[in-house]
Structures are given as structure tokens and as C-alpha cells.
Amino acid sequence: MKEQKPLTSGPGDQVQGRAGSTEDNGARGGGGRPQGSGSVEQMPVRPSPTMHNEIHPRKRRGRLGRDVQSKLGKTLQAYFDDVVKEGVPERFRLLLQQFDDRQDKGSS
Amino acid sequence: MPLEPSVREAMLSAVPSLRAFAISLSGNVDRADDLVQETLLRAMANIDSFQPGTNMSAWLFTILRNLFRSEYRKRRREVEDADGSYADTLTSHPEQHGRIEFEEFRKALAQLPPDQREALILVGASGFSYEEAAGICDCAVGTIKSRVNRARTRLSELLAIDGADDFGPDQSTRAVLSAGGRR
């Protein structure tokens, strides 16, 4: 889905560059190159809401981008819910029932 | 005395997420179900120490977590795991979790240190707050937060999730996600 952006940029392209549109900074991805390539079709699908953190490659111990966190979160939740969907296996209903039955016998 | 119906109901309704927690921790359905069984037995035997009105689910999660911890410590003494070889054994059986789509994710999860793994699952999937997770793991809230952060960072590296890119080679994981994992 992500398109490779051309690195060539004429002087005219720089209009949007440093002026600081959030989308443009987010789109740069590779980070830090002064010559901006600001053409419109290179915007990411979801513009990053933070301007400065996202333009650098992920640091080893830094905060993760929101889209990464979101993907991780969804996968984890899906993995978890996949088990939750299975409901209560019969063996555990029986386990509680047997406990109650034993208690009943013991107390009467 | 038999269980109060409300207590019994609360226990049963916690079982599905308790199992999911156990499977996420152990990576193995059979061991997970044994853990859940042991947890329920202990809970019933100690039901007097459960305070009515408090969170049954959190109480059960605490018991299960401690059981898993002591089992893990025991196994770790038996199997040298300095290089994560024990974690590898957790992921070496394809039948451990029915869905092949989660294979890559489960492997990555198993490579996390246990304290990070449990923190991430509690906060990120089980629906507990940081405070509740701290209670379950018997540590400070800040500790949970930093474990969750480290777990996320490590997972994203293991799964090669990078910036706006999708997951590495595992298209099936994406398929699961786009099909809508959430209920």
C-alpha cells in the first residue's frame, strides 16, 4: 500500500516542505532529509498526529508510533478474543458442580 | 458449603478470559487448561478469602498468575533457559492454538520475558487497568507501565511492524485483522 516516494524534488516542490504541514512530515518516514518531496499522492493513509516523533526511524527504546501500537493492540486483542470466544469448556462447569456436590455431601 | 450462586456465576463467567490469559502466558492449550483447573480448585477451596463485591476476575487472574509463576520458576530450574530455549519449546508444537493465523504472533509473544508478557496481556487484552494489573502482579503501577512499553517495543521488533508498513511476510495475520478480530 505504501508507495515509494521519489527522492527527486525540484525547487518548486519545497513549498510545502518546512512550512510544517503534519501530513508532509509524517509522509517523509525516512526522516531528516532537508529536501522535501511534497507531492500530494505521497501522503500516508493515516496522517500521523505527531509531527516530530514520527519522522525518525523507530528508536530502540523510544515510544512507538500510534499506528504500530494500534496494530499490535488489535492483534493481541484478536489473539486473546479467539480463545474467549470458545466460552466455558464443559470440564470447568463439571468441576464447579463436583465441588458443590462434595460440599453438599460433606455438610449433610 | 456449596458456592453461592452469584459467586459460582462470577467464576464461570471469568473462565473464558482466564483461559485466554493462561494460553497467552503458557502458549499451550493443555497446560493452560490445567492452570485454569488448578486456579478454580484453589479459588473454591479459599473462597472465604474472597471479598464479596470485589473483582472476581482480578482475584482469579491473580491466583492463576501466581500458579504460572511458580511453575515457570520450577521448570526454569529444570531446563536451562538462558537463551530462551524454553520459550522455543513453548512454540514448537503447531497444535498449541487452533488458529494458524496467530502462529507468528504467538511465537513473538513467547519470546517476551514473562513479566512483560503478563503485563501486556493484562492491560492490552484482558481489559484491566494499570492499577488492577499492578495489583494482580503485586508490583507498582509504574512498573506495569514500563513493562507494557517494553513489551510493545520488543513485539514490534519481533514482528517487524515498522511505521506505516504492514506486518512482514505474514499476510495471514493481516487477513485476520482485516476480517475483524474484535467482537
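**Terms and model**

Helices are DSSP runs of H or I with at least four residues, strands are E runs of at least two, and both are numbered from the N terminus. This is a predicted model, in which local features need pLDDT of at least 70, side-chain atom pairs count only at pLDDT 80 or more, and totals for chains, interfaces and linings use all residues. Residues are numbered from 1 along each chain as its sequence is written, while chains are lettered from A and ligands numbered from 1 in the order in which they are written.

**Chain B**

Chain B holds 9 helices and 0 strands. Of its 183 residues, 40% are buried (20 or more other C-beta atoms within 10 Å of the residue's own, with C-beta atoms placed from the backbone).

**Where the chains meet**

A:V68, A:Q69 and A:L72 contribute from α2(A), and B:R152, B:L155 and B:S156 from α8(B); a contact means C-beta atoms, placed from the backbone, within 7 Å.

**Confidence in chain A**

The mean pLDDT of chain A is 63, and 39% of the residues score at least 70; pLDDT is the predictor's confidence in each residue, from 0 to 100. Within chain A, confidence is highest in α2(A), at 90, and lowest in helix α1 (residues 22-28), at a mean of 42. Over residues 1-41 of chain A, pLDDT stays under 50. Where pLDDT is low, the predicted coordinates should not be read in detail.

Conventions. Contact = placed C-beta atoms within 7 Å. Buried ≥ 20, exposed ≤ 12 C-beta atoms within 10 Å, placed from the backbone.
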